[in-house]
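Let's take a walk through this protein together, starting with its charged side chains and ending with a helix.

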Amino acid sequence: MEKRHILKMDATSIASAIKKKQLTSVEAVTAFIEQIKTVNPSINAVVEDRFSEALQEAQEADKLLQNHVSSGKLHGVPISIKECFHVKGMKTTGGLKHRQDLIYQEDAEVVRRLKQEGAIILGKTNTPALCFCQETDNKLYGRTNNPWDITKTAGGSSGGEGALLAAGGAPVGIGSDIGGSIRFPSHFNGVIGFKPGENTVSTEGHFPAVQHELQQRMLAVGPMGKTIEDMQLIYDILAPAAIEPQTLHAFKMEILPINPGYPLSTRTGQLLGDLENFLERIYSVQQIMPPYFRDSALIWQEIMSINGSKLVEDEAFNNDRSGLVRSFLKEKLSQRTNVHPYLSWAIMGAKMFKPSQKRVREIAGILQQGDELLKTYLVNRLLILPVYYQTASNHGQVFKEIFSIRKTYLQYMPYTAYANVWGLPSLTIPVGEDENHLPIGIQIISGNGNEDAIFRLGKLLTKRFRGYKLAEMGER
């Protein structure tokens, strides 16, 4: 099979082609390794590879199939993994220099499940330091670039995944999301990403681990890739419960108003209007602000700032007695510290916005009330929201917008914070482009248990609107 054709295939079709012996695992793995070698010098997405091991595993997968033995739903299929997940025999650094020699001997739970189904890991992809930013840059591995325009951000914290998948370096990958970390890169790079609802996919073996139960409800592990079929396939492998079949006609669609009182680019607003016009021919569609929408960005920031991110600070400044503020100022002057300023500034912000114990109890009460209301509200509703107010901007701009001392996160984070705060499943799909051909994604959100309806609507919209496109890195 021609290499270019393989690079455009998703995991579902590669698995099927391998099973039918139309494609070998070695051919698939080789095609993606060659593509990574072509694109990675420009985008810096893969930070640790296991190419020789992957080829060996592909040969073994092909031999098994010759003997009519299949290891599972992903038999012989190459995949990529975000750096924050433990993979046996590989490093988990969190982008920190002092962790660069730490090799793990056990797989994260999600990695174990994917391997059990026959997946072959090509390598690990870049994150911001300790996954603590919506842009991907760190002192150990450097910055990841957007394959549509390398002067633009790839987003974060699953930015390496988003960039690699857009550039055709893997058919599917795994990311994590506590503050838009699957959805920002999916939107900026034009890939499909699924953030599952709370407590549906194991976070065991994710670094850093979250320490507070309110943060746990916001953290989700999920797939990123090219098709919704792959989101379903991977979610089916990672989630313990089967998805219940649903029909879209039982659901109301609610789209955020085009002038929501928060920043929104003209082109994004136009696309929301196009989606509404398309859907209202078939379904019941309204423009509406969902319940608790205006509270979500503040609650998200406060939950992220519980304990002033002490455990993140301890990990970041391990064996470094220079301290947080001194390190940040020294970095600004000389760029010669071991901690990226994105991380040190984010930790300082967490100290400034740290909620009191009384406020934490208040938040827990608000969440309890909101959970009850949304459980009923979202029984038969699908929400359509932007991911961010605009397409991928220059490196550093998203960080400034979200981590400004002027609390501008209150303007820029509600779209993504909503699904984290309320522990809701959210599917990001590319539906259009701006005037510079940079992708624009939207989210489809609903209650836990409505994953089938979310995927069905996603399939409908990706057929009618943009969907995934391969960024033609190798031909520029």
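How many salt bridges are there? The count comes to 14, where a salt bridge is a side-chain nitrogen of Lys or Arg within 4 Å of a carboxyl oxygen of Asp or Glu. Keep in mind that this is a predicted model, where local features need pLDDT of at least 70 and side-chain atom pairs count only at pLDDT 80 or more, while totals for chains, interfaces and linings use all residues. Residues are numbered from 1 along each chain as its sequence is written, and side-chain values use heavy atoms, with hydrogens and water left out.

Now find Glu 302 and Arg 359, whose side chains meet in a salt bridge at 2.8 Å, N to O. This pair links distant parts of the chain, 57 residues apart: Glu 302 sits in helix α11 (residues 293-304) and Arg 359 in helix α15 (residues 357-377). Helices here are DSSP runs (H or I, at least four residues), numbered from the N terminus.

Arg 359 also forms a salt bridge with Glu 362, at 3.1 Å, N to O. Both of these lie in α15, three residues apart, or about one turn of the helix.

Are these residues buried or exposed? Buried means under 20% relative accessible area, exposed over 50%, and partly exposed in between (1.4 Å probe, protein chains only). Glu 302 is buried at 11%, Arg 359 is buried at 19%, and Glu 362 is partly exposed at 38%.

Last stop: helix α6 (residues 159-166). Eight of its eight residues are buried, so α6 is largely enclosed by the rest of the structure.

Methods:
Helix = DSSP H or I, 4+ residues; strand = E, 2+ residues; numbered from the N terminus.
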